[in-house]
Amino acid sequence: MPADIAETVSTEAYIAGMRAIVQPVGLVTAAFGDERDGVTAVTVCSATMEPPTLLVSIKQGSAVARMVARSQAFGVSFLADTQARMARRFSSMEAEGSALFSEGNWLTAVTGSPLLEGAVGAFDCRLVEVFSCGGHSLFLGRVVSMATNEGEGLLYGDGYFRRLVSKD
């Protein structure tokens with residue numbers, strides 16, 4: 001390892017570095033019985049192509065993390081750039097639990113997880129593994145159904161929601 005590369009970084013430096021990376025915005029949702037919950041997340045990515053599997057990171061002990069564990073399933077709706085309002089709604093204290101779903105058109109996926117209509121990509125996942133890392137739970141979910149829509153994805157970087165410039 002070169003001498004000028006630190007073996008550890010401070011939390012502040014790590015946060016500053018991660019803020020510079022633009023990431024897609026998704027809503028991670030779950031349902032159990034009559035209850036539903038969700039959260040805005042940017043730590044969502046493909047874990048493997050075969051079998052199709054997503055990885056999501058959710059704060060340990062949160063209502064959403066508990067619901068994913070109970071239901072053994074979760075949905076991920078990657079938001080269109082016209083859906084920033086939903087990202088804000090699911091990341092604030094404006095509403096909680098099932099009340100979050102009073103706005104938007106929601107579909108019930110094969111697993112029972114709610115998926116937002118109009119999202120550029122919506123993935124329905126069955127839980128296959130959970131790992132603990134720091135204060136978060138990393139959930140691996142096998143994709144059992146999905147849908148895609150036209151449009152550009154909503155992005156998040158440096159503390160702001162962003163959209164791509166036209167492809168023209």
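A: Two strands pair if DSSP finds at least two bridges between them, and strands (E, at least two residues) and helices (H or I, at least four) are DSSP runs numbered from the N terminus. This is a predicted model, in which local features need pLDDT of at least 70 and side-chain atom pairs count only at pLDDT 80 or more, while totals for chains, interfaces and linings use all residues. Residues are numbered from 1 along each chain as its sequence is written, and side-chain values use heavy atoms, leaving out hydrogens and water.

Q: What is the order of the strands in the open sheet?

A: Strands of a sheet pair through backbone hydrogen bonds, either parallel or antiparallel. Here seven strands form an open sheet with antiparallel pairing, in the order β3-β2-β6-β9-β10-β5-β4. Because β3 (35-41) and β4 (44-48) each have a single partner strand, they stand at the edges, and one side of each is left without a neighbour in the sheet.

Q: How many bridges join strand β5 and strand β10?

A: Strand β5 (residues 53-59) pairs with strand β10 (residues 136-148) in the antiparallel sense over seven bridges, and serine 57 stands opposite leucine 138 in β10.

Q: How many aromatic pairs does the structure hold?

A: Rings of Phe, Tyr and Trp (its six-membered ring) pair if their centres lie within 6.5 Å, and planes under 30 degrees apart count as stacked, over 60 as edge-to-face and the rest as tilted. The structure holds five aromatic pairs. One of them, between phenylalanine 78 and phenylalanine 123, is edge-to-face, at 5.9 Å centre to centre with 85° between the planes.
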